[in-house]
Amino acid sequence: MLKEIYKKIKKFDTIVIARHIGVDPDALASQLALRESIKKTFPNKNVVAVGTGSAKFSYFPKLDKIEEYQNAMLIVVDTPDKKRIDITNFDTFDYYIKIDHHPYIEEWADIEYIDDKASSASELIYRLISSTPLVLDYEVAKIIFLGIVSDTNRFLFNSNTKTFAAVAKLLEEFDLNLPELYSNIFMRPLNEVRLQGYIAQNMKVSENGLGSIKITNDIMTKFGVDVGSAGNLINNFNYIEEVIVWVTVSEDVKNNLIKINIRSRGPVINHIAEKYNGGGHHFASGARVTSMEEADCLIEELDEACKVYLEKMGDINENK
Ligand code: AMP
């Protein structure tokens, strides 16, 4: 299938690369690494990476403006469903390719390359580039590395032999400056660390192991952080003995909604998130609701999932 994708890349003179709304480093890295690689392989092609950016990720190359294209191919990375693609003119392309590592939701592309066991969309782009004549140079390697490291949270999640083999290859071939790359991704303002302390102090933990915290707009203002940064802190609460699923509920006053971030080290949570205008991976999901009552219902369902999970684990241990 990777060879098929390469053939289509070779065929189209105009290629637009998009990804999901709510940009994150892996989505951005996978589209930018692919753009850079195609441009270096085929300098005469018009290749653009589109979508709303974020000042937080200014260490990546810049995105392009969304324009109207003719006879173009659309490649969408890191996005399972059509409604979450960050593009306005989806229907105007001649050919569609999906490259994704989320659990399957729906088919909408002519070629769909999906591996939900892959660590990241960036790892899939590495596979595509390394198994075809697409160029892999220092710049492309750096972007792919950033994507893989971010999405695995420094190889804590979803990293398998293919992930480590890809990263080993990148390090072997290119003299990547790891301290510099890590500081790009992991440097954060003291305000955020202080909010992390607040979450640690105030997170409610149910008897079933559900950790939850509501971060109101007032709290964000007090700590001087925005809703995106508040939600990102979810990633810093894994491996707490008493907590198996944890959720942050953050008020997004600007968009008049409530942003929910969920992580799990036991029960599968994406099916629950899907019921609340959300989705994601089995153990890392997000949702958007419009009231605290709705958020409370989601919290209740997550708590029930923890309960069922604990009972199942209890049965398994008893039968050992
Ligand atoms: P986050 O908590 O925002 O880092 O998201 C974790 C995972 O859930 C990512 O794979 C996101 O793409 C996915 N996700 C987050 N929010 C939503 C949503 N509203 N709908 C579907 N998937 C989402």
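## Ligand site

Glycine 279 places a backbone N or O atom 3.3 Å from an oxygen atom of the ligand. A polar contact is a pair of N or O atoms within 3.5 Å; within protein, one must be able to donate a hydrogen and the other to accept it, and residues adjacent in sequence count only if both atoms are side-chain atoms. This is a predicted model: local features need pLDDT of at least 70, side-chain atom pairs count only at pLDDT 80 or more, and totals for chains, interfaces and linings use all residues. Residues are numbered from 1 along each chain as its sequence is written, and side-chain values use heavy atoms, with hydrogens and water left out.

Histidine 102 uses its side chain: an N or O atom there is 2.8 Å from an oxygen atom of the ligand. Asparagine 277 has a polar backbone atom 3.1 Å from a nitrogen atom of the ligand. Around the ligand there are 14 residues (a heavy atom within 4 Å). His102, Asn261, Arg263, Asn277 and Gly279 come nearest.

## Two domains

The domain assignment, automatic or from a database, gives domain 1 (2-186) and domain 2 (190-318). Seven residues from domain 1 and 10 residues from domain 2 make the contact (heavy atoms within 4.5 Å). The domain centres, taken over C-alpha atoms, are 28 Å apart.

## Domain interface

About 780 Å² is buried between domain 1 and domain 2. This is the accessible area (1.4 Å probe) that two parts lose on being put together, summed over both. Carbon and sulfur atoms give 50% of the buried area. Lys56, Pro103 and Phe157 supply 43% of what domain 1 buries against domain 2, more than any other three residues.

Two residue pairs are in polar contact across the interface, both at pLDDT 80 or more.

## Threonine 41

Threonine 41 sits in helix 2 (residues 25-41), where a helix is a DSSP run of H or I, at least four residues, numbered from the N terminus. A polar atom of the threonine 41 side chain lies 2.9 Å from the backbone nitrogen of valine 135. Leaving out residues up to four places away in sequence, threonine 41 touches Pro133, Leu134 and Val135.

Terms used:
Helix = DSSP H or I, 4+ residues; strand = E, 2+ residues; numbered from the N terminus.
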